Protein chains: 4
Amino acid sequence: MAVRAAVAGASGYAGGELLRLLLTHPEVEIGALTGNSNAGQRLGALQPHLLPLADRVLEPTTPEALAGHDVVFLALPHGQSAAVAERLGPDVLVVDMGADFRLKDAADWERFYGSPHAGTWPYGLPELPGGRAALEGSKRIAVPGCYPTAVSLALFPAYAAGLAEAEAVIVAASGTSGAGKAPKPHLLGSEVMGSMSPYGVGGTHRHTPEMIQNLSAAAGGPVSVSFTPTLAPMPRGILATCTAKARDGVTADLLRAAYEKAFADEPFVHLLPEGRWPATASVHGSNAVQVQVAHDEAAGRIIAISAIDNLTKGTAGGAVQSMNIALGLPEELGLSTIGVAP
Amino acid sequence: MAVRAAVAGASGYAGGELLRLLLTHPEVEIGALTGNSNAGQRLGALQPHLLPLADRVLEPTTPEALAGHDVVFLALPHGQSAAVAERLGPDVLVVDMGADFRLKDAADWERFYGSPHAGTWPYGLPELPGGRAALEGSKRIAVPGCYPTAVSLALFPAYAAGLAEAEAVIVAASGTSGAGKAPKPHLLGSEVMGSMSPYGVGGTHRHTPEMIQNLSAAAGGPVSVSFTPTLAPMPRGILATCTAKARDGVTADLLRAAYEKAFADEPFVHLLPEGRWPATASVHGSNAVQVQVAHDEAAGRIIAISAIDNLTKGTAGGAVQSMNIALGLPEELGLSTIGVAP
Amino acid sequence: MAVRAAVAGASGYAGGELLRLLLTHPEVEIGALTGNSNAGQRLGALQPHLLPLADRVLEPTTPEALAGHDVVFLALPHGQSAAVAERLGPDVLVVDMGADFRLKDAADWERFYGSPHAGTWPYGLPELPGGRAALEGSKRIAVPGCYPTAVSLALFPAYAAGLAEAEAVIVAASGTSGAGKAPKPHLLGSEVMGSMSPYGVGGTHRHTPEMIQNLSAAAGGPVSVSFTPTLAPMPRGILATCTAKARDGVTADLLRAAYEKAFADEPFVHLLPEGRWPATASVHGSNAVQVQVAHDEAAGRIIAISAIDNLTKGTAGGAVQSMNIALGLPEELGLSTIGVAP
Amino acid sequence: MAVRAAVAGASGYAGGELLRLLLTHPEVEIGALTGNSNAGQRLGALQPHLLPLADRVLEPTTPEALAGHDVVFLALPHGQSAAVAERLGPDVLVVDMGADFRLKDAADWERFYGSPHAGTWPYGLPELPGGRAALEGSKRIAVPGCYPTAVSLALFPAYAAGLAEAEAVIVAASGTSGAGKAPKPHLLGSEVMGSMSPYGVGGTHRHTPEMIQNLSAAAGGPVSVSFTPTLAPMPRGILATCTAKARDGVTADLLRAAYEKAFADEPFVHLLPEGRWPATASVHGSNAVQVQVAHDEAAGRIIAISAIDNLTKGTAGGAVQSMNIALGLPEELGLSTIGVAP
């Protein structure tokens, strides 16, 4: 008996990627697809790569359209999920791919998003300590941000093992799809091809408190985060370079052991063999995470680097993975660790 | 009972793409993986995107390594397939992803490849008239070239319907993976990013006689082909712009009807709705072909345009599709019409 | 005594490239810079690469702002140039970088642009037969379209020498800056990177009648043109693959001789040595044109290929070159044949 | 009376960029061009973008070929410069674009380069404190590495003003031309397009001791550096994200003032207005450096970011700038602050 899934916000990049995955998920039947400005259009014009759905027509995002599904995925602008979720009832699994329910601290939410806090839902990063338990049987899931996914997976083992000082310095490069499909001048191909540029510098990016929340939980105490995102000339992918001062006594062997332990049973996180480093191309279109870690003795720092596909593991794949857990399905169902390269 | 498949030439782009597809093929079990200069290395170092095969070790390409399989895929430099195939016996399905057995005319072969003609095998483009019948039950398959795949699918309906004059003019743009993984200065990222350039101009590209063979068969008489390939700054994809003079009496409606008829039952070829045009991104990583056709009344020409992924439908996907037919499996098994975009 | 130049439309790509060139032109002093929606903004925010002009403020495009200059460059949406030009008086050199005054045939204009024909100005492609004479001393210049520049330079020698039949088939790839700076979904970096796609197929692109006009003049009789433009994943550059049936008796030597003669004294057009082919990267940021020609004997066709920078020789560089001629300055002043590569 | 300049290593990216700049330098006459494996070839085949030099033939790199010039630029593999320089005599200005003479500490050199230390020459980064004085009248110049140029300019003002703690954490993204023109599999366009990946992680990159040298000099005491370079899918450009813990009492105003003071009279370094951030596209092909700095109060860190063109200011432009100073020419001669964008 198939799980019937609706997608609110099916015309954007997150929605498109989710549909790409759901199309091959053996237990999911794709139900209503909704949009706002694009309601009434065929999906073939909006997501031309999703050939099997080419003739599906987008409905407006209304409670009626979303009713009657087992799972409803929300790929909406932030601030809109709470109102939609309320109307869906407590027995429907609601998976919010937006930011609304990620943060536990209302003050953090308000400072970074400038609107009242809607609440906190179980957080969809199963690889974190206690992450799976929080999702099992849940009817609400807050899908993590793309940067916090990459950064938390790269650094939490060092914090959980007590190897890193509580000040993380992170620089990440993201493909342009992370900035969405709404046309803005600085996102034009002419502007981004051949260029690297930072944005949200100085602690202002909205994913910062989410990283602090995750790393602090792993460390068992407050971790400060200096986070600088940069826009890279590629459509997909995040490469997160995450560093922290090594605590006294840390060695490369201790580090390696901590990371091996953290990811030993993880189906999607791949700690690379020594000497090899992550590349976003290797996880293009896959739910895999490549991680590697080094100890810079001279500088006294740990450097942990991860590569993910921002749309897959960083958004839609993470959403499906968490859905699988919440529904009691095998966690890997409908997800792949095979990248599309070159 | 799984089909056991070996891949000779598993370290290159064609081999890597084939493995990507075979990994999710429900009837295939991946057997021996062989290489030459890379024998002895782990696949994780050579194809880091194929996580489930990371620990597999490449063997040298020998008859012993390839023995005991139901299917052997050859992704070898041209001229080497015949010797390997001979040793495999007549009951093994041999799928040659190289050029050796594509051409029927030995003189053509010798003029373009400069070596003795090895023979002709059933041609793996099932969408051509009579294409499927030639493959059913066959134990030998010559996988078409990437450009001939894109070009033949774009133009054969016009020739089969008698709508086009016998002189085709074709300009195609290919991603760089079509040029292979052997490092050459002009294929460096620094050289190709931001640049378009032609090569093999003036009828010298080796895929030209293969196009002529296919289009002439469709037309029922000799078709001349002017073919200009260009290198585009992208890793994958072919966009083929194919034109021919329209015969007297041709109209847009007649053209549309011919194309609709040609592709009505094709699982992988998608004739786009009027007003939309192919884009290589839409078929990235998929076995789908996007086709559109127009009639330029003022110039008196038919313009048919196709987009494929050169590594998928243009090489490894085409190989799997033909294998499925030869083995009596459902043609679409293990293949997708869903692109990875953006 | 410097030539004082104003630029109407200084915030777009054409205006920005023009300013880049004028900044190093030894005889030009940059006067008023105007815009519409961006009036009041500093150029540093709009054209951050033009450091010496960072503090200049855009004025609204009014007759007052443009008054008092020796040259006024118009980089305006089509249909707006005539009204501005009228107010400038007959003694000011007006260089229109838009389409308004390129076509001689009013019916062509109306069919392709859907508005009344504004007139015809001397055409700014000095390399065409008689091209320089038309510009000397002129007070009005219509800068050619980017595609017609690339195509006309590639093919006119074959037509002028009577070597080509009167039906040209042209496929060109352009960088995205040719589509301008106004943000549209299909021009987002996420959409264009990794993708090739056609547009304006079937004789509908507005540059088609301009090509016909130029090639017919060279041939001394009507030439039909089948033109297919494609969008390439790069910011700049046009690669034009232009073919025509060879007339009886044409040989590679005759072709080569015709092209050598056509470009013997041209400072910007470089007929490549035999065996080498144009690449857009080689002319990035330069006013140079790379041309090569081949004779495909088997197909009976001439293949002439050119590479230009669409913003330099294809727009702003062509404008400066024509301005130099009109003002009696050395034609090469302020222009370079040195590309920025890799 | 022109300065006669020879270039040893004219076929690589650094040599090509140098020639691009020297071609428009009003005081330089280009003399001998030498190479090793490419000796005997025309420059048109090796550097097709340098049209005015297309017919120049590369000579072998011998003392005879390099004799009789006022300036000799060395773009050679590291370890080869000393032997060539010795033969040139003390009156010839020798500008080494390689690493051989950059480091003051012989032990550092030997640890990172694995060969005996050749010595230390005046360091070609005039913007550093005392930088110009060291170059005036000098007959030997060590051109800085591309990363150290970007990083030192971004961070030295914070150290010189005593605002930053002595542990810098730096992540930089470079275009592929920084890796040179020798073909290697991981530098193929197919591999780099669409991918970000790190290399030289953990303090192993050879530019690390050079950064330490520069920042320690500015700080007046030892500064440790954690440096992670990443390869970005673009041909040119470096974006360096440089952070350090802020000392007690640091404010955004203090920071801004320190950077304004440091760059007030610098012709090539542009401290961006508040709210704008560097982009590599803005300095493409130019000798300009874009810098911006922020104070992340929550994390207690300074974030300084710079963008340069790795081939221009990062290599060949820096070389020309230092040559100008050494020869007593105006520092900006032959150099531009105008980028080629988009």
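Predicted model: local features only at pLDDT ≥ 70, side-chain atom pairs only at ≥ 80, totals over all residues.
Helices (H or I, at least four residues) and strands (E, at least two) are DSSP runs, numbered from the N terminus. Residues are numbered from 1 along each chain as its sequence is written, and side-chain values use heavy atoms, without hydrogens and water.

**Helix H5 of chain D**
- H5(D) spans residues 106-113, and its buried residues (under 20% relative accessible area, 1.4 Å probe, protein chains only) are Asp108(D), Trp109(D), Phe112(D) and Tyr113(D).
- These residues lie on the same side of H5(D), because they cover an arc of only 100° around the axis, taken from the directions from the helix axis to the C-beta atoms.
- Helix H9 (208-219) of chain D is included in what covers them, with contact meaning heavy atoms within 4.5 Å.
- At the start of H5(D), the backbone nitrogen of Ala107(D) has a side-chain oxygen of Asp105(D) within 2.8 Å.

**Chains B and C**
- Chain B is superposed on chain C by a rotation of 180° with 0.0 Å of shift along the axis (RMSD 0.0 Å), using least squares on the C-alpha atoms of residues with pLDDT of at least 70 in both.
- That is the relation of a two-fold axis.
- The copies meet through the same surface, because 100% of the interface residues of chain B are also interface residues in chain C.

**Annotated span in chain A**
- An unreviewed UniProt entry annotates residues 4-136 of chain A as "domain: Semialdehyde dehydrogenase NAD-binding"; such annotations may be inferred rather than shown by experiment.
- The span is 28% helix and 17% strand, and its end C-alpha atoms lie 19 Å apart.

Terms used: Chains lettered and ligands numbered in written order. Buried < 20%, exposed > 50% of the residue type's maximum accessible area, 1.4 Å probe, protein only. Polar contact = N/O pair within 3.5 Å; in protein donor to acceptor, adjacent residues only side chain to side chain.
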